[in-house]
Amino acid sequence: MTKSRRGPMPKLPELKPLRSYDTPENKKFIELVKAGRVPEELQKKDAEGKPIPLTFGIEDARPMSYEELDRRIKQMKKMEADDEQARRAPSPSCAPTLFAGAGQTLSSGATPRAAGGASASGGPGADPALLQLIDAGPAPCADESKPSTAIQLRLSSGARAKVTLNLDHTVADVWRAVADLMGHAAFRAASNHALSAGFPPKQLTDPAATLQAADLKNASVTHRCQ
């Protein structure tokens, strides 16, 4: 396993102002979305004036409020800038593929808390035990001579990444990949970190479990934090 530096993070979204459910135009917008149709304000046309095919997805971010999401995005942008100089040297064979396209995630009504994910003191910042786990090794890199799998990571910012790992990598290595992609400064500043996978989502609480044992082959893993 060799050290690698993550590439630049995808551009974080700018939240639009909150819109009322009660106005006629917004009611029409919601009705079209529920019917699986593209609202007129989102429809784009090509040079000939023909509609450009468009698909979109909806994610239920509850119980996170609009204000919490806005605060987190602003924090991520600040931490991303602060973390710029701390990135590691890139390795083409190990670098995860980041993209900011829309996607769909199903989650329970409440965000589970990973064991040791919150600060032990109850204050801001990641739990020291989790940080010790992250600092115990570099971001994981797949060995091409061993069985491997692609893990789809959904970060708390909404960004997604595809990471190739060996089946004998552990959940701890997934944590290190998340911290590397998120940026270590931002990861340390956030609290209540949690990883979940499967449907219904199941919390990943055993950092020593291999991807094979944790049934994470070709899995989608969601990261949450505050």
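**Reading a predicted fold, feature by feature**

Biologist: Which exposed residues does the face of α1 turned away from its buried side carry?

Modeller: That face carries P24, K28, E31 and K34. Two terms first. Exposed means over 50% relative accessible area, buried means under 20%, and partly exposed lies in between (1.4 Å probe, protein chains only). Helices (H or I, at least four residues) and strands (E, at least two) are DSSP runs, numbered from the N terminus.

Biologist: How should I treat the model itself?

Modeller: This is a predicted model: local features need pLDDT of at least 70, side-chain atom pairs count only at pLDDT 80 or more, and totals for chains, interfaces and linings use all residues. Residues are numbered from 1 along each chain as its sequence is written, and side-chain values use heavy atoms, with hydrogens and water left out.

Biologist: Back to the helix. Which are the buried residues of α1?

Modeller: In α1 (residues 24-34), N26, L32 and V33 are buried. They lie on the same side of α1, because they cover an arc of only 120° around the axis. That arc is taken from the directions from the helix axis to the C-beta atoms. Just after α1 comes G36, with a positive phi of about 75°.

Biologist: What average pLDDT does the protein have?

Modeller: pLDDT is the predictor's confidence in each residue, from 0 to 100. The protein averages 76, and 70% of the residues score at least 70. A contact means heavy atoms within 4.5 Å.

Biologist: How many helices and strands are there in the protein?

Modeller: There are five helices and six strands. Along the sequence they follow the pattern α-α-β-α-β-β-α-α-β-β-β. Of the 226 residues, 37% count as buried. Now take contacts between residues at least 6 apart in sequence: 73% of these join residues at least 24 apart.

Biologist: Which residues have the most contacts inside the largest nonpolar core?

Modeller: Start with the term. A nonpolar core is a set of buried Ala, Val, Leu, Ile, Met, Phe, Trp, Tyr and Cys residues joined through side-chain atoms within 4.5 Å. Here the largest core has 33 residues, and L153, F187, L216 and V221 have the most contacts inside it. Elements giving two or more residues to this core include α2 (66-82), α3, β2, β3 (160-166) and α4 (171-182). The largest share, eight residues, comes from α4.

Biologist: Which residues is L216 in contact with, leaving aside its neighbours within four places in sequence?

Modeller: T149, I151, V171, A197, L204, L211 and V221.

Biologist: At what angle do α3 and α4 pack?

Modeller: Two packed helices are described by the angle between their axes and the distance between the axes. For α3 and α4, the angle is about 90° and the axes are 9 Å apart. Axes are lines fitted to C-alpha atoms, for helices over the stretch in contact, and angles run from 0 to 180 degrees between N-to-C directions. Under 35 degrees counts as roughly parallel, over 145 as roughly antiparallel, 65 to 115 as roughly perpendicular and the rest as oblique. So α3 and α4 are roughly perpendicular to each other. On α3, the contact is made by L130, L133 and I134; on α4, by A172, W175, R176 and A179.

Biologist: Now the backbone. Where is N192 found?

Modeller: N192 is in the loop between α5 and β4. Its phi is near 55°, a positive value in a residue other than glycine. N192 counts as buried, at 14% relative accessibility.

Biologist: Is D215 buried or exposed?

Modeller: D215 counts as exposed, at 66% relative accessibility. It has a positive phi of about 55° although it is not a glycine. D215 is found in the loop between β5 and β6 (220-224).

Biologist: Which peptide bond is cis?

Modeller: The bond from F199 to P200 is cis, with omega near 0°. P200 is found in the loop between β4 and β5 (202-203).

Biologist: How far apart in space are R71 and Q226, C-alpha to C-alpha?

Modeller: They are 9.6 Å apart, although 155 residues separate them in sequence. R71 is in helix α2. R71 is partly exposed, with a relative accessible area of 47%.

Biologist: Where is E144 found?

Modeller: E144 is in the loop between α3 (128-135) and β2 (148-154). It is exposed, with a relative accessible area of 74%. The C-alpha atoms of E144 and L165 are separated by 9.3 Å, and the two residues are 21 apart along the chain.
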